[in-house]
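Work through these exercises with the sequence and the 3D view open. Try each task before you read its solution.

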Amino acid sequence: MKKRVNLPLIIGLGIVILLIGVVVFEKSLMTSDPSTMRRGAFEWVNGEMVFYDAPGAPNAEFIMGTDIIGRDIYSRLIAGAKLTLGMVALTVLFRFLIGFPIGIAAGFGNRPCMWLTNTFSTIFSAIPALIFSLVILSRPELHDLSLGRSIVAFAIVMTFVGWNRIAKITQEQTSHVLTQDFIEGEIAIGKSRPMMILQNVLPHILPAVITAVTMEFARALMLLAELGLFGVYAGPAVLDGEGTAMLGLTGATPPSNYPEWGGILAAGRYGMVVKKYWLIIWPTVMFFISILGFNLLGEGLSLHINRRRVRG
Amino acid sequence: MADTLIGVKNIKKVFCSPKGDVRAVDGVSLRIRRGETLGLVGESGSGKSTVGRLITRLVRPTSGKILYCGRDITRLGERQFRDLRKDMQIVFQNPNTALDPKRSVRDLIAEPLLIHRIVPRHEIDREICRLLTMVGLPQAVMTKMPREFSGGEKQRICIARALSVGPRFLFLDEPVSSLDVSVQSKILNLLEDLKQELSLTYLLVAHGLNVVRHISDRVAVMYLGQIQEIGDTEELYEDPRHPYTQALISSFPEPDMDARRKRIVLAGEIPSNTDGIQGCVFHTRCPYVRDICRRQAPEIKMRGGRMIRCHGTGDAI
């Protein structure tokens, strides 16, 4: 048989490695300081006077342009990778830590855990997770939290609305393993339940769970992007409503102090009003590439596992 | 009696399903004597496997008692029963699915040894080798995975695994029915040898009547969750008395032309055991059915050295 190339796995892995590379080498990839505001300012560059207007269109110095208060979008996106992916990783970690044990217990027929998994699945198939998290995260009490607290708040809310998927997949996989004949053999030799989970259930369900966790990165990123599009992002804003009005940016979302992608997207919405495409397109592209990357990686992994299963 | 290893007293198992309750085992009583092989035969759906699974507690009984060495084990908690698991082991029907495909032979056999602390940790490999040799496998198979073996070899691994904890009783749940005919007799002979060597007691469930005749000392015939007849193997095969036993034995080809009996073909299907059957459970198919059979369920009674559940006289008995 001709060996087929697992293209999703290769591309997905490539993108994810690239993203990790951006996080690791952010210092050398940035071309300017991501939080310096250059708005209505004159600067002497090589003996010439340069006037910075904001938002500034892409040029040689700022290849993706500057945002509404004159910060370099390219450098902000680079600097934001760590923050954004970190938030997403935290969310996925929480989702896993809650969903996985509950899923296993539900797979073993534990009533409360089955109820939790089913109820949350039902609730969030009726109410979109986005609406739910939007309502909570846009509450004014959460606006002035420090970055650290804000990230934790985001991770908790995004976990609350999304842990059920990992639980559901774990539950299905676990109960499938438990219907197999060899489980009776394990009962017959007197194996305890924890040992059975460790020795007979985990090895069988891990491939599917790893795939689900990878996909979960994409889902959490998606939620973050959607929240950003609705003007909700983590961390305090650099200006309040009055500040933006003073700058003549009436109607713009107060821009975020931190370069998290959702925040860049939120402030970039103004670009749609004033028809300055670069404000919105670049954060969107970053989200698109990373969501695609994690999705392809997950798909490639499951393809890889299924092929191995067929062969084995 | 002193020589009884396992006593089953009026045990019942009802499986609840949306379509109605299924009375899989409906009041079975039997004794398994120390050192004997008790064969359990019957059509599929007669509840013969369930009896074995009740004894080894893969399913819990709805009512009734199971005595092991005179002690009621139906009331024991899961933790207390775990110690008894090493006394009672099971050899499953399909060796292809009875072993976790992701664990090596060494893991599979080491697990029960570790759970019940049969040998100290450093002697585990030696013990595994001894068990593998006992079931006729080379020691080199230790590191292999289950998928690398044939059905017969896998069944040998299952037997080694069952024997690893030093059981006194083995429930053989159709141990050869999914194997090639050429391998069947080898596994049966192995089981016979092991029984002598380790003074084991067997409960053999099978639908292959020749298999049962080959290694059983006594045979119990089941129909719709009830035992219809129990007797010594040779007597029962030579002179079946219950009409169902007669039909069952006659359906089995006899190699000796002169000894060939008239074949009794049962009309009709086995009734569903979800609906309660009035009268004798066999009356819908019995060639000797009489009025009393439809009205009143017969008790199992001792008749001429054999336990039989039938109203019949004359023709049938």
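Predicted model: local features only at pLDDT ≥ 70, side-chain atom pairs only at ≥ 80, totals over all residues.

Residues are numbered from 1 along each chain as its sequence is written, chains are lettered from A and ligands numbered from 1 in the order in which they are written, and side-chain values use heavy atoms, with hydrogens and water left out.

**Exercise 1. Describe the aromatic pairs of Tyr223(B).**

Start with the rule: rings of Phe, Tyr and Trp (its six-membered ring) pair if their centres lie within 6.5 Å; planes under 30 degrees apart are stacked, over 60 edge-to-face, the rest tilted. Over all chains, the search finds 13 aromatic pairs.

Helices (H or I, at least four residues) and strands (E, at least two) are DSSP runs, numbered from the N terminus. Tyr223(B) lies in strand E9 (residues 218-223) of chain B and Tyr244(B) in helix H9 (residues 243-250) of chain B, 21 residues apart.

Now check burial, where buried means under 20% relative accessible area, exposed over 50% and partly exposed in between (1.4 Å probe, protein chains only). Tyr223(B) has 0% relative accessibility, so it counts as buried. Tyr244(B) is buried too, at 1%.

Then take the other partner. Tyr223(B) and Phe282(B) are edge-to-face, 5.0 Å centre to centre with 85° between the planes. Phe282(B) sits in the loop between H9 and helix H10 (291-295) of chain B, 59 residues from Tyr223(B).

**Exercise 2. How many residues of H9(B) are buried, and what covers them?**

Count first: 8 of its 8 residues are buried. Among them are Pro243(B), Tyr244(B) and Leu248(B). The cover includes strand E3 (37-41), helix H7 (209-215), E9, strand E10 (226-232) and helix H8 (233-238) of chain B.

**Exercise 3. How many disulfides does the structure hold?**

A disulfide is a pair of cysteine sulfur atoms within 2.5 Å. The total over all chains is 0. Take Cys286(B): the nearest cysteine sulfur, that of Cys293(B), is 6.1 Å away. Cys286(B) is buried, at 14% relative accessible area. For Cys293(B), the nearest cysteine sulfur belongs to Cys280(B), 5.9 Å away. Cys293(B) counts as buried at 9%.

**Exercise 4. Describe how H3(A) and H8(A) pack.**

Find helix H3 (residues 73-107) and helix H8 (residues 193-229) of chain A. They pack at an angle of about 145°, with axes 9 Å apart. Axes are lines fitted to C-alpha atoms, for helices over the stretch in contact, and angles run from 0 to 180 degrees between N-to-C directions. Contact means heavy atoms within 4.5 Å. The residues that meet include Phe96(A) and Phe100(A) in H3(A), and Val213(A) and Phe217(A) in H8(A).

**Exercise 5. Is Val59(B) buried or exposed, and what does it touch?**

Locate Val59(B) in the loop between helix H1 (48-55) and strand E4 (63-68) of chain B. With a relative accessible area of 13%, Val59(B) is buried. Not counting residues up to four places away in sequence, Val59(B) touches Phe15(B), Thr50(B), Arg53(B) and Leu54(B).
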